[in-house]
Amino acid sequence: MKDSNKIPVEHILISLLPCHAANIYSGIKSVEFRRRKLNISVGTIVWIYEKMPLGAITGFATVKSLANKSPQELWELYSPVSGLSESEFFDYFINSINAYALELEHITRLKTPATLDQLRRIKATFQPPQFFTRLLRDDKILLKLHDHSGKTDYSAIEHLDPRFNFLVA
């Protein structure tokens, strides 16, 4: 059923290195840092595109909270769940006055990743985002992910529309 009115909340797609995505899925990392502000809200669904060599949407999470602080303040708040060493963190934010954090919850890996080739068959113009991209309610990729079927326990992500039940690995 391709009914874009049934897609409940805002959705974005971000690109991550495979090592950072792995840390998110394993629970080592529950916060994503950015040098630029993402104009999104708590509750936004963040789809995770893993960069090459995999090149696929591999999962999603929900934004639990957002923070806009200095790099030092973010490090003090989130270092235990950053998945980064102190030097990696501060190298990333070198010369940055502001730093942004998306605290993630309900982190879920797709049973089967949506590969770059599959994504381009759904939407020929698909390009992995450099920063992030919004997946609008009528976006063919979001509709395809939303309409996917499967039988799994949905209890961990019951705040989403029940048709997302295929997402729980």
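Some ground rules. Residues are numbered from 1 along each chain as its sequence is written, and side-chain values use heavy atoms, leaving out hydrogens and water. Because the model is predicted, local features need pLDDT of at least 70 and side-chain atom pairs count only at pLDDT 80 or more, while totals for chains, interfaces and linings use all residues.

Confidence, then. pLDDT is the predictor's confidence in each residue, from 0 to 100. The chain averages 84. At least 70 is reached by 81% of the residues. Residues 1–7 fall below 50. Beyond near neighbours in sequence, that stretch has 17 contacts in the model (heavy atoms within 4.5 Å). Residues 148–169 also stay under 50. There the model has 56 contacts beyond four places in sequence.

Now the cores. A nonpolar core is a set of buried Ala, Val, Leu, Ile, Met, Phe, Trp, Tyr and Cys residues joined through side-chain atoms within 4.5 Å. Buried means under 20% relative accessible area, exposed over 50%, partly exposed in between, with a 1.4 Å probe and protein chains only. The largest core has 16 residues. Ile12, Leu38, Ile40, Val46, Leu102 and Phe132 have the most contacts inside it. Elements giving two or more residues include strand 1 (11–16), helix 1 (18–26) and strand 5 (99–115). Helices (H or I, at least four residues) and strands (E, at least two) are DSSP runs, numbered from the N terminus. Apart from this core lies another, of 15 residues, with Ile45, Ile57, Leu110 and Leu142 among them.

What does Phe132 touch? Leaving out residues up to four places away in sequence, Phe132 touches Ile12, Leu13, Ile14, Leu38 and Ile40.

On to the rings. Rings of Phe, Tyr and Trp (its six-membered ring) pair if their centres lie within 6.5 Å; planes under 30 degrees apart are stacked, over 60 edge-to-face, the rest tilted. The count is 11 aromatic pairs. Take Phe33 and Phe89: centres 4.9 Å apart, planes at 80°, so edge-to-face. Phe33 sits in strand 2 and Phe89 in helix 3, 56 residues apart. Both are buried. Next, Trp47 and Phe60: 5.3 Å between centres, planes at 35°, so tilted. This pair ties strand 3 to strand 4. Trp47 is buried at 0% relative accessibility. Phe60 is buried, also at 0%.

Ring pairs also join Phe33, Trp75, Tyr78, Phe89, Phe90, Tyr92 and Phe93 into a cluster.

Last, charges over rings: NZ of Lys or CZ of Arg within 6 Å of the ring centre and within 35 degrees of the ring normal. Arg35 lies over the face of Tyr92, 4.0 Å from the ring centre. Arg36 lies over Phe131, at 3.8 Å.
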